[in-house]
Amino acid sequence: MRLFGKYLLILFKSQMQYRTSFWLLTFGQFFIPFSVFAGLYMLFDRFGQIQGWEFFEVALVFGVIHMAFAIAECLARGFDMFSTLIVNGDFDRLLVRPRSTVLQVLGSKFEFTRFGRLLQSLVVLIWALSKVEADWTFMKGVTLLFMIFSGVMIFSGIFIVIATMCFWTVQGLEIGNILTDGGREMAQYPLNIYHKWITRFFTYVIPFGLVNYLPLQYILGRTEGSGVPYMLAPLAGCLFIVPCLLLWNFGVRRYRSTGS
Amino acid sequence: MRACYSVFRLKLATGFQYRSAALAGIATQFFWGFIIIMVYQAFYSQPLADPPISLTQIVTYIWLQQAFLAFIALWFRDNELFQLITTGNIAYELCRPSGLYGLWYAKLLAQRLSSAVLRCFPILTVALLLPSPYRLTLPPDPATALLFLLVLILGLLILVAVSMLIYISTFITMSAAGSLLMFGVAGEFLAGMIVPVPLMPSWLQTIVYALPFRLAADFPFRVYSGHIPMDEALATIPIQLLWLAALVWIGRFTMGKALRRVVIQGG
Amino acid sequence: MITVSGISKSFKVARRSSGFGNAFKSLFRREYTEVAALSDVTFSIGPGEIVGYIGPNGAGKSTTIKVMSGILVPDGGTCSIMGYTPWLDRVQYVRNIGVVFGQRSQLWWDVPVIDSFELLRDIYDVTDKEYRGNLELLTDTLDLGDLLRTPVRQLSLGQRMRCEIAASLLHGPGILFLDEPTIGLDAVSKIAVRKFISAINKEKDVTVILTTHDMSDIEALAQRILLIGKGKLLYDGDLDAMRAKYGAAEGGETGGGSAIEEALVNMYKEYEIS
């Protein structure tokens with residue numbers, strides 16, 4: 001939406017005012033996941049493979065998930081920092097404007113410095129794509145894009161749910177990091193290396209499995225039959241965001257009837 | 001010295017008040033510990049020729065990392081100090097009679113200590129009671145346990161000295177976020193926080209052994225599990241002391257120079 | 001234009017008792033007391049009026065403003081503003097109002113004022129022509145010329161407040177809610193703000209609802225005042241009448257305050273709300 005673009009522009013101008021710290025932070029945001037990836041490389045150097053997956057296959061998943069996280073983090077930063085908005089009473093200001101609350105919260109913060117992480121995941125993804133053994137087809141490429149898109153939706157959904165909790169309490173919300181940072185660290189490996197119940201939880205409740213495992217099998221040519229269900233699986237994962245938004249609206253209604 | 005001690009006690013007491021934040025932090029750390037352990041489980045599930053460190057010891061390593069995170073995380077922010085530096089309110093601090101290095105050191109030390117004490121006991125207790133293979137194992141004998149505590153404290157002192165250097169560097173660059181982030185990332189990696197040191201490739205291990213970061217994390221944890229035998233541990237203690245002395249000396253020296261520059265410039 | 005009828009709103013406030021025993025109990029069960037922020041508040045305001053909304057702290061002024069601007073949903077009563085019920089038709093209703101919160105800013109901090117204005121223009125969907133017209137009028141009357149290109153964080157409080165008021169009028173609302181607009185301002189800025197409100201009211205027929213603790217603001221601008229105390233509307237009438245009734249008697253002691261403040265204190269005493 002054009003209006004969202006205008007929000008981004010004004011936030012970008014704001015952040016460019018502080019040029020050095022902008023670049024330093026972006027660099028830092030590159031190096032954090034980079035160090036995690038370096039760790040991954042070293043572990044594979046020593047162990048060779050993990051539960052049948054070899055390095056570049058895992059690197060592919062790593063790239064996809066980190067990219068999805070980076071995009072979601074940039075996009076939904078407003079929800080991530082929502083507690084500040086509520087505590088300052090600035091949410092009232094949003095309610096006085098003739099636009100949806102979701103749009104305004106999204107537009108309230110967009111940290112361009114998180115591009116550092118995005119860049120890093122892109123580098124990893126490109127490297128993995130060049131080295132992984134897979135017969136690439138158009139459909140598989142589309143599947144890859146769906147995986148990323150779905151990941152963004154899932155992470156954003158989690159951010160929204162955590163922000164909605166702010167309507168009830170602003171304390172102890174770091175627990176939400178278990179799902180965002182924790183979810184990311186976990187989903188960066190193909191889900192089947194974990195125990196059954198984890199795989200199930202992260203397929204049916206928070207559908208990372210639809211992003212990280214099923215389409216991956218298809219891309220690597222380990223499936224039989226039509227690839228279409230595998231290609232569309234990530235899109236089903238996108239549906240996750242729907243209950244999150246409903247919960248958000250419920251939270252806004254509660255805020256408006258009980259005051260701040 | 002007395003001023004340092006009272007600052008230490010005050011900060012410690014204030015630190016203990018952050019109970020609800022600690023609770024949330026503990027839950028998060030448990031989850032992290034589990035995830036990391038599960039990944040290692042998956043790695044170790046295939047037969048590997050002679051791993052340099054066993055899975056049980058890795059599990060111990062990871063739980064100790066989580067329990068004592070406040071002792072090892074370099075990005076532990078003391079916003080108050082940063083603001084002092086960047087806003088120039090440092091002038092108030094300069095008017096105080098005691099040595100500034102000691103005061104700040106005491107502050108940082110107390111912060112980390114209070115945060116760690118709040119968290120380590122719950123985490124360690126539960127980790128001891130978990131079903132194997134997730135269980136934290138006890139040290140092989142009481143002597144090792146005592147040695148562990150000693151080298152852990154020494155490591156903490158070293159780490160605080162390192163963070164002092166970071167804060168002093170903020171004086172010079174006048175920008176808080178940048179210097180801390182990069183340094184923190186590198187320092188943590190070199191302490192074995194991302195990959196345990198024994199699992200690193202040998203060329204990296206050489207580098208890591210030359211630096212002080214592992215003395216606060218990797219070294220004490222492996223002493224605990226017995227992976228580092230006692231004689232090697234005892235031989236490393238003088239190295240810890242040397243590093244500590246060197247870092248504190250560098251810190252005081254650079255701080256003195258930086259402060260003098262600030263005062264001359266008018267703050 | 002504004003009809004408020006029987007509005008009531010209560011809040012549950014967690015009761016905190018002192019002592020360790022009570023603090024421990026509160027871990028398991030929260031006790032709440034109900035505080036009536038508004039009880040049966042009724043009034044009407046016609047178009048083009050300037051109304052002063054006064055009362056001691058905690059009386060319910062901000063709560064009423066929040067209800068009238070659609071932020072808060074009341075427990076009971078009805079409210080009709082320009083044909084809308086504020087909390088039901090929030091998105092459409094809010095296009096027609098402007099709000100200035102004295103202590104909080106609605107401008108983006110690090111960028112020039114004009115950038116904030118332009119984004120607000122897009123948020124409110126103001127046509128280019130209308131925007132330019134309004135901007136010109138506001139820039140002239142509030143003397144914003146030099147300020148427009150300056151980042152907000154570099155402005156003084158007085159300058160910032162003028163920009164805030166301008167920002168709230170860019171979309172040409174029919175009603176303006178001002179919550180403590182002159183707080184912290186120096187005398188020159190205060191007078192400028194007052195002149196402006198007066199002017200915009202006369203020229204554009206903007207209805208103004210002003211909450212403030214500064215009685216000289218009220219004297220300068222409002223003809224009518226609404227006094228709220230402990231959630232109830234206690235006085236709704238003409239400023240002159242209030243002054244006549246509660247003002248210090250001729251030859252009485254003034255005690256250091258202005259005549260209108262004296263009158264206010266007397267009024268508070270009579271209603272037992274100070």
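Me: Two strands pair if DSSP finds at least two bridges between them. What makes β6(C) and β7(C) a pair?

Reply: This is a predicted model: local features need pLDDT of at least 70, side-chain atom pairs count only at pLDDT 80 or more, and totals for chains, interfaces and linings use all residues. Residues are numbered from 1 along each chain as its sequence is written, while chains are lettered from A and ligands numbered from 1 in the order in which they are written. Now the strands. 5 bridges join β6(C) to β7(C), residues 207-211. The definition asks for at least two, so the strands pair. They run parallel. Asp179(C) has Thr211(C) as its bridge partner in β7(C).

Me: How do you know that β5(C) also pairs with β6(C)?

Reply: By the bridge count again. β5(C), residues 97-101, is joined to β6(C) by 5 bridges, and these strands run parallel. Within this pairing, Val99(C) stands opposite Phe177(C).

Me: What makes β6(C) a strand, and why is it called largely enclosed?

Reply: A strand is a DSSP run of E with at least two residues; a helix is a run of H or I with at least four; both are numbered from the N terminus. β6(C) covers residues 175-179. Next, burial. A residue is buried if 20 or more other C-beta atoms lie within 10 Å of its own, exposed if 12 or fewer, and partly exposed in between, with C-beta atoms placed from the backbone. In β6(C), 5 of the 5 residues are buried, so the rest of the structure largely encloses the strand. One side carries Ile175(C), Phe177(C) and Asp179(C); the other carries Leu176(C) and Leu178(C).

Me: How do you know that the span of α5(C) is close to the expected one?

Reply: The expected span is 1.5 Å times one less than the number of residues. α5(C), residues 128-142, has 15 residues, and 21 Å is expected. The helix reaches 21 Å from first C-alpha to last. After the helix comes Asp143(C), with a positive phi near 55°.

Me: What makes a residue of chain A part of the contact with chain B?

Reply: Two residues are in contact if their C-beta atoms, placed from the backbone, lie within 7 Å. The contact takes 30 residues from chain A and 27 from chain B. α2(A) gives the most to chain A's side, with 16 residues. That side divides into 16 nonpolar, 10 polar and 4 charged residues. Here Ala, Val, Leu, Ile, Met, Phe, Trp, Tyr, Cys and Pro count as nonpolar, Asp, Glu, Lys and Arg as charged, and the others, Gly among them, as polar.

Me: What makes Ile72(B) stand out in the largest nonpolar core?

Reply: A nonpolar core is a set of buried Ala, Val, Leu, Ile, Met, Phe, Trp, Tyr and Cys residues joined through C-beta atoms within 7 Å. This one has 228 residues, and Ile72(B), Ile158(B) and Ala216(B) touch the most other members. Beyond four places in sequence, Ile72(B) contacts Leu159(B), Ala191(B), Met193(B), Ala216(B) and Ala217(B).
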